[in-house]
Amino acid sequence: MRGVGLKVASVTCFVIMASMIKAAEGIPPGELVFFRSFFAIFPVAFYLAWRGQLREGLTTRNPWGHVIRGLCGVTAMGLSFYGFTQLPLPEAISIGYALPLFIVVLSAFLLKEQVRLYRWSAVVIGLGGVLIIMWPRLTLFSGGGAGGGEMAGALAALAAAIVAAFAQMQVRRLVGTETTTSIVVYFSITGSVIALFTIPFGWVMPTPGQAAMLIAAGFLGGVGQILLTSSYRHADMSIIAPFEYTSMLISIAIGFAVFGDLPTIQMLIGGLIVVASGIFVILREHRLGLDRKSARESTSA
């Protein structure tokens with residue numbers, strides 16, 4: 001229960017962070033990424049220092065691996081932040097639920113993992129749910145009345161999920177040589193540095209209100225990461241991971257209370273389909289993990 005509680009708390013932090021990013025209207029995505037990455041360093045560094053793990057967090061044997069992960073992560077973050085600014089909050093978050101589906105696809109094609117019919121079926125059904133969510137925004141195909149910005153935002157949110165899946169593939173490679181703390185610390189550092197290269201593309205001076213929201217968003221991102229990491233100390237990932245989807249309920253509540261956004265029928269139906277597919281993939285991955293562990297133990301015996 002402690003693990004589940006920490007997971008839900010981390011999800012709440014990330015949704016509030018996304019709300020602040022959305023509320024800081026007029027700030028370029030690269031600048032949003034910088035604030036999110038740079039100010040996340042402070043709570044993470046404080047937490048590691050408190051646990052006596054700061055040196056461990058700064059130790060790495062694969063610096064270029066962190067750079068590659070940072071490039072993918074910053075790109076995904078910038079795309080998702082653009083989606084937040086163009087779409088209702090629950091809709092942008094729901095499209096992001098396609099991430100575990102794309103991880104299955106990349107695992108099959110890049111890591112040559114064996115993906116059987118069950119998971120492929122979940123991927124196809126889940127992507128169908130994403131299409132249901134996005135369809136009203138794709139005015140080029142649906143003939144709806146949504147603006148071009150909303151269509152670009154929907155496509156950006158989907159592209160963010162794809163690029164984030166590449167980032168997760170890189171994390172899978174990093175865990176072979178790097179600690180969890182070093183992956184968290186170096187992502188914030190590399191994300192901050194990489195984001196600075198977007199200054200020539202039109203950073204703006206934020207108002208005091210915008211600056212306060214962006215700094216708070218960065219701190220919340222760091223706190224959310226700490227809570228997420230801590231949740232896995234108390235329960236298996238297969239138990240905790242499905243609670244990621246509580247963000248749908250939280251985002252609907254915040255979207256309505258703060259931005260006056262009401263979820264559409266398409267978003268609710270598509271979101272539920274994507275959530276169901278994602279949970280199936282998570283549980284199936286856990287089942288296969290147990291099967292592989294049993295096979296290794298039998299072979300060793």
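Helices (H or I, at least four residues) and strands (E, at least two) are DSSP runs, numbered from the N terminus. With that in hand, select Ser94, which has its place in helix H6 (residues 89–96). Before going further, please note that this is a predicted model, where local features need pLDDT of at least 70, side-chain atom pairs count only at pLDDT 80 or more, and totals for chains, interfaces and linings use all residues. Residues are numbered from 1 along each chain as its sequence is written, and side-chain values use heavy atoms, with hydrogens and water left out.

**Stop 1: around Ser94**

Is Ser94 buried or exposed? Ser94 counts as buried because its relative accessible area is 0%; buried means under 20% relative accessible area, exposed over 50%, and partly exposed in between (1.4 Å probe, protein chains only). Now show its contacts, meaning heavy atoms within 4.5 Å. Leaving aside neighbours within four places in sequence, Ser94 is in contact with Ile133, Met248, Met267 and Val274.

**Stop 2: the whole chain**

The chain has 15 helices and 0 strands. Its C-alpha atoms fill a box of roughly 65 × 45 × 35 Å, taken along the principal axes. A compact globule of 301 residues would have a radius of gyration near 19 Å, and the chain agrees because it has 19 Å. That radius is taken over C-alpha atoms, and the globule rule is 2.2 Å times the number of residues to the power 0.38. Of the 301 residues, 48% count as buried. Among contacts with a separation of 6 or more, 86% are between residues 24 or more positions apart.

Next, colour by pLDDT, the predictor's confidence in each residue, from 0 to 100. The chain averages 86, and 91% of the residues score at least 70. Where is confidence lowest, and where is it highest? Helix H9 (residues 139–142) is lowest at a mean of 55, while helix H2 (residues 29–38) is highest at 94.

**Stop 3: the nonpolar cores**

A nonpolar core is a set of buried Ala, Val, Leu, Ile, Met, Phe, Trp, Tyr and Cys residues joined through side-chain atoms within 4.5 Å. The largest one has 54 residues, and Phe81, Phe84 and Ile95 have the most contacts inside it. Helix H1 (residues 2–23) gives the largest share of this core, 7 residues. Centre on Phe81 and look past its neighbours within four places in sequence: Phe81 is in contact with Met17, Ile21, Leu32, Val33 and Arg36. A second, separate core of 7 residues includes Leu101, Val104, Ala108 and Val123.

**Stop 4: the aromatic rings**

Rings of Phe, Tyr and Trp (its six-membered ring) pair if their centres lie within 6.5 Å; planes under 30 degrees apart count as stacked, over 60 as edge-to-face and the rest as tilted. How many aromatic pairs does a search of the whole structure find? The search finds 13. One to display is Phe39 with Phe42, a tilted pair at 6.0 Å centre to centre and 35° between the planes. Phe39 is buried, with a relative accessible area of 16%, whereas Phe42 is partly exposed at 41%.

A charge sits over a ring if NZ of Lys or CZ of Arg is within 6 Å of the ring centre and within 35 degrees of the ring normal. Select Lys22, whose charged end sits over the ring of Phe259, 5.4 Å from its centre. Then try Arg69, which lies over the face of Phe187 at 4.1 Å from the ring centre.

**Stop 5**

Select helix H11 (residues 180–196) and find Ser188 in it. Ser188 is buried, with a relative accessible area of 7%. Not counting residues up to four places away in sequence, Ser188 touches Ser37, Ala40 and Ile41. Gly191 lies in helix H11 as well, and Gly191 is buried at 0% relative accessible area. Leaving aside neighbours within four places in sequence, Gly191 is in contact with Val33, Ser37, Val74 and Tyr186.

Finish at Leu117 in helix H8 (residues 117–134). Leu117 counts as exposed because its relative accessibility is 67%. Draw a C-alpha to C-alpha distance from Leu117 to Gly3: they are 114 residues apart in sequence and 32 Å apart in space.
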